[in-house]
Amino acid sequence: MDESAPIFAIAAAAELSGMHPQTLRQYDRLGIVSPTRTAGQSRRYSMRDIMQLREVSRLSAEGLNLEGIRRFLDLENQVSALTARVRELEAALADELLSRPGRRVFAAGTEGDVISLRAGTRTPRNTQIVVWRPIQRG
């Protein structure tokens, strides 16, 4: 089951979250948990919405006000969206790397410059020895 599929009517969502339907309507008006709407404008809650409603209840019991809860959930949603985007970009990068054998690799030089290398090669090692002697004061 897709956790973001809007399948629960407000009565079922209220029961699953342990809240009154009027509380869910208020949270929707305040933008705390906003379910999707059907063509007839009735609310449909997803399992993710239910989990957020339970989180709202927990945070409220800990003393957070509704604005703090709304901000917390906004940040949590941003993290989820960014995490999904990172996964998407990692998959695209992996596909790109697999589709281009023999690609060029880059490394940083000793002066901060960019050195282009062929795949499978390494930068030349610097084997110079530097001797350090403390200053003798005397």
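Mentor: Start with a term: contact means heavy atoms within 4.5 Å. Helices (H or I, at least four residues) and strands (E, at least two) are DSSP runs, numbered from the N terminus. This is a predicted model, where local features need pLDDT of at least 70, side-chain atom pairs count only at pLDDT 80 or more, and totals for chains, interfaces and linings use all residues. Residues are numbered from 1 along each chain as its sequence is written, and side-chain values use heavy atoms, with hydrogens and water left out.

Now the pair. Two packed helices are described by the angle between their axes and the distance between the axes. Axes are lines fitted to C-alpha atoms, for helices over the stretch in contact, and angles run from 0 to 180 degrees between N-to-C directions. Helix H1 spans residues 10–17, and helix H3 spans residues 47–61. They pack at about 45°, with axes 9 Å apart. H1 is therefore oblique to H3 (under 35 degrees is roughly parallel, over 145 roughly antiparallel, 65 to 115 roughly perpendicular, the rest oblique).

Which residues meet? H1 brings Ala 13, Leu 16 and Ser 17. H3 answers with Ile 50, Leu 53 and Arg 54. This contact of H1 with H3 divides into 4 nonpolar, 1 polar and 1 charged (Ala, Val, Leu, Ile, Met, Phe, Trp, Tyr, Cys and Pro are nonpolar; Asp, Glu, Lys and Arg are charged; the others, Gly among them, are polar).

Ser 46 sits in the loop between E2 and H3. Ser 46 is buried, at 4% relative accessible area (buried is under 20%, exposed over 50%, partly exposed in between, with a 1.4 Å probe and protein chains only). Not counting residues up to four places away in sequence, Ser 46 touches Glu 3, Ser 4, Ala 5, Pro 6 and Phe 8.
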